[in-house]
Amino acid sequence: MLSDFKNEVLQIKGLISNSKHPLILVKENPSLDGLAAALVLYSCLKNGGKDASILCPSELTVEFSDLIKIDEIKKEISGKGLVISWEYNDGSIEKVSYNIENNRFNLVIHPREGMELKITPDKIDVKSTGLTSDLVVCINTDNLAQLGKLFTLEQEMFSKIDIINVDNSISNQNFGKINLVQPMVASVSELMGMLLMDLGVRPDQEAATNLLTAIDLTSLNLTSGKLLPETLEVAAWCL
């Protein structure tokens with residue numbers, strides 16, 4: 001039995017059950033193994049009625065074209081808005097309006113009578129907003145910095161939302177609230193399969209095909225010296 005596996009699965013089940021908008025992330029320059037594991041989780045969550053999203057900051061090349069629905073992995077968060085902020089003196093603003101002139105959007109701030117707005121460009125902050133995720137699942141990612149802009153642009157989100165960390169790397173920094181990190185497992189895809197089996201979640205045919213493709217690749221068609229009994233169980237489950 002892998003270390004602490006059952007306990008971690010119970011915790012993961014609780015977080016996923018309570019989540020409505022899970023976000024699945026894969027690191028920059030991903031492996032086919034990591035993408036396959038992320039896609040099967042994404043598919044199972046979507047099929048289970050979750051409003052799931054899946055992102056990878058890198059451009060996905062032709063080497064990953066064998067994975068079904070690879071085109072559903074996005075590079076950035078869509079549907080985001082902007083927040084423009086500055087230091088506010090209570091009662092100094094009468095109203096805020098906007099107009100569009102020469103293809104430019106103009107935000108117009110009207111001060112109260114007798115008040116002066118001391119707003120200069122160096123005092124204005126602009127940041128993106130609109131991300132509705134309530135749970136993050138990082139797949140095959142050693143540390144948050146490997147997520148590139150997905151992390152640097154949304155650090156506030158990562159500080160507030162629970163993170164599930166699923167990986168098989170010995171160098172993983174265990175950055176999640178729950179860390180399902182098992183270096184003795186040959187591929188993160190088979191680890192994902194073990195997780196889904198224990199959760200009682202059944203993937204559809206396309207997701208199972210993706211998982212089996214990655215397991216075959218990483219295990220040299222099930223001939224690798226790192227094979228575990230669980231590897232064969234997951235492969236049989238996929239079939």
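1. Leu107 is found in strand β5. In this predicted model, Leu107 has a relative accessible area of 42%. Since buried means under 20% and exposed means over 50%, Leu107 is therefore described as partly exposed.

2. Leu107 also belongs to a nonpolar patch on the surface, together with Ile84, Val96, Tyr98, Ile100, Phe105, Ile124 and Val126. The accessible area of these residues together is about 820 Å². Two elements, β4 (93-101) and β5 (104-111), each give two or more residues to the patch. Strand β4 provides the largest share, with 3 residues.

3. Elsewhere, 5 strands form an open sheet, and their order is β2-β1-β7-β8-β9. The pairing in this sheet is parallel. Strands β2 (53-55) and β9 (178-181) stand at the edges; each has a single partner strand, so one side of each lacks a neighbour in the sheet. From one strand to the next, the twist averages 15°.

4. In general, strands of a sheet pair through backbone hydrogen bonds, in either a parallel or an antiparallel manner. Here, strand β1 (residues 22-26) pairs with β2 in the parallel sense over 3 bridges. Within this part of the sheet, Ile24 has Ile54 in β2 as its bridge partner.

5. Two helices may be considered alongside the sheet. Helix α2 (residues 32-47) lies across β1, β2 and β7 (135-139), and runs at about 170° to β1. Helix α5 (residues 188-199) packs on the sheet and touches β7, β8 (163-167) and β9. The direction of helix α5 makes about 125° with that of β8.

Terms used:
Residues are numbered from 1 along each chain as its sequence is written. This is a predicted model: local features need pLDDT of at least 70, side-chain atom pairs count only at pLDDT 80 or more; totals for chains, interfaces and linings use all residues. Side-chain values use heavy atoms; hydrogens and water are left out. Two strands pair if DSSP finds at least two bridges between them. Helices (H or I, at least four residues) and strands (E, at least two) are DSSP runs, numbered from the N terminus. Axes are lines fitted to C-alpha atoms, for helices over the stretch in contact, and angles run from 0 to 180 degrees between N-to-C directions. Contact means heavy atoms within 4.5 Å. Patches are made of residues with over 30% relative accessible area and no salt bridge: like charges are joined within 9 Å, nonpolar side chains (Val, Leu, Ile, Met, Phe, Trp, Tyr) within 5 Å. Accessible areas come from the Shrake-Rupley method with a 1.4 Å probe; for residues, only the protein chains shown count as cover. A salt bridge is a side-chain nitrogen of Lys or Arg within 4 Å of a carboxyl oxygen of Asp or Glu. Buried means under 20% relative accessible area, exposed over 50%, partly exposed in between (1.4 Å probe, protein chains only).
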